[in-house]
Amino acid sequence: MASKPLPLGFYERRPDVVARELLGKTLVRRIGGEALEGVVVETEAYFGLEDPASRAYRGMKEYNRVMWGEPGRLFVYNVHKYWMLNVVAHEPDGVGGVLFRAVEPREGIGRMAENRPVSSLRELTSGPGRLSVALGVTRELNGLPVTDPGGPMVVLDAPPVLDLCASHRIGVKEDLPEELRFYVRGNGFVSG
DNA sequence: AGGAAGATCTACT
DNA sequence: GTAGATCTTCCTA
């Protein structure tokens, strides 16, 4: 289990490619001396000025400028009371990111359940707002790299997921023709 | 200063 | 399946 953080180069590709390949990787949140871990089971890709559903669509603002910046850094922003956890991903001089929509809890489940009390385990992290509460994600993480082994949030490498599905993105007002949501087939922690 | 929108969630019918 | 809550950010005045 000596998995290392995914390198910067992993994120220096198109957001849709990164979103697909992030499935099965391990998301680690270090907080209060504990490591809260989950396997990524659902993601969505967002592009830049050409993507009407993207936070980058209406141009660079203070809150979204990390989408133009170095890949492999967190982009955290608020919608409807919840913090959305993204990682910046794009080709050189590009814009984009990947939204973490669901993880399967692995470590630190007790602490996650304190952060977000639920009656069944499946409700703990099966949604972008849900997983942020469970993992203690706030805007303090915005701009931090996920490639630093000792950082407050890291993505560790793991074998690729072979049995995956794609669909249109969920909850967006105006989507692109491409299917940009990716999830592990049959996994119980996928939202929806 | 005020209103509206939003990549959501929960509860209820 | 639909409605309402909730809060950060943006846009207009």
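A polar side-chain atom of Arg55 lies 2.4 Å from a phosphate oxygen of DNA strand B, a polar contact being a pair of N or O atoms within 3.5 Å (within protein, one must be able to donate a hydrogen and the other to accept it, and residues adjacent in sequence count only if both atoms are side-chain atoms). This is a predicted model, in which local features need pLDDT of at least 70 and side-chain atom pairs count only at pLDDT 80 or more, while totals for chains, interfaces and linings use all residues. Residues are numbered from 1 along each chain as its sequence is written, chains are lettered from A and ligands numbered from 1 in the order in which they are written, and side-chain values use heavy atoms, with hydrogens and water left out.

**DNA strand B**

- The elements that give two or more residues to the surface near DNA strand B are β3 (74-79), β4, β5 and α4 (128-135); helices (H or I, at least four residues) and strands (E, at least two) are DSSP runs, numbered from the N terminus.
- The largest share of that surface comes from β3, which gives four residues.
- There are 22 residues around DNA strand B, and Arg55, Asn86, Arg116, Gly129 and Arg130 come nearest; a residue is near a molecule or strand if one of its heavy atoms lies within 4 Å of it.
- Of the atoms of DNA strand B that come within 4 Å of the protein, sugar and phosphate account for 57%.
- Asn86 has a polar side-chain atom 2.4 Å from a base nitrogen of DNA strand B.
- Arg130 has a polar side-chain atom 2.7 Å from a phosphate oxygen of DNA strand B.
- By class, the surface near DNA strand B has 11 nonpolar, six polar and five charged residues; Ala, Val, Leu, Ile, Met, Phe, Trp, Tyr, Cys and Pro count as nonpolar, Asp, Glu, Lys and Arg as charged, and the others, Gly among them, as polar.

**DNA strand C**

- Lys61, Tyr63, Asn78, Lys81, Trp83 and Arg139 are the residues around DNA strand C.
- Sugar and phosphate make up 94% of the atoms of DNA strand C that come within 4 Å of the protein.
- Asn78 places a polar side-chain atom 3.3 Å from a sugar or linking oxygen of DNA strand C.
- An N or O atom in the side chain of Arg139 is 3.1 Å from a phosphate oxygen of DNA strand C.
- The surface near DNA strand C consists of two nonpolar, one polar and three charged residues.

**Strand β5 and its partners**

- Strand β5 (residues 97-107) is largely enclosed by the rest of the structure, because nine of its 11 residues are buried; buried means under 20% relative accessible area, exposed over 50%, partly exposed in between (1.4 Å probe, protein chains only).
- Strand β2 (residues 34-46) runs antiparallel to β5 and is joined to it by nine bridges; two strands pair if DSSP finds at least two bridges between them.
- Glu37 has Glu107 in β5 as its bridge partner.
- Strand β4 (residues 82-88) is also antiparallel to β5, with three bridges, and Val87 stands opposite Val98 in β5.

**Helix α2**

- Six of the eight residues of helix α2 (residues 15-22) are buried, namely Pro15, Asp16, Val17, Val18, Ala19 and Leu22.
- The cover over these buried residues includes α1 (8-11), β2, β4, β5, β6 (153-156) and β8 (181-184).
- Gly24 follows α2 and has a positive phi, near 90°.

**Tyr57**

- Tyr57 sits in the loop between β2 and β3 and is partly exposed, with a relative accessible area of 33%.
- Apart from neighbours within four places in sequence, Tyr57 is in contact (heavy atoms within 4.5 Å) with Gly48, Leu49, Asp51 and Pro52.
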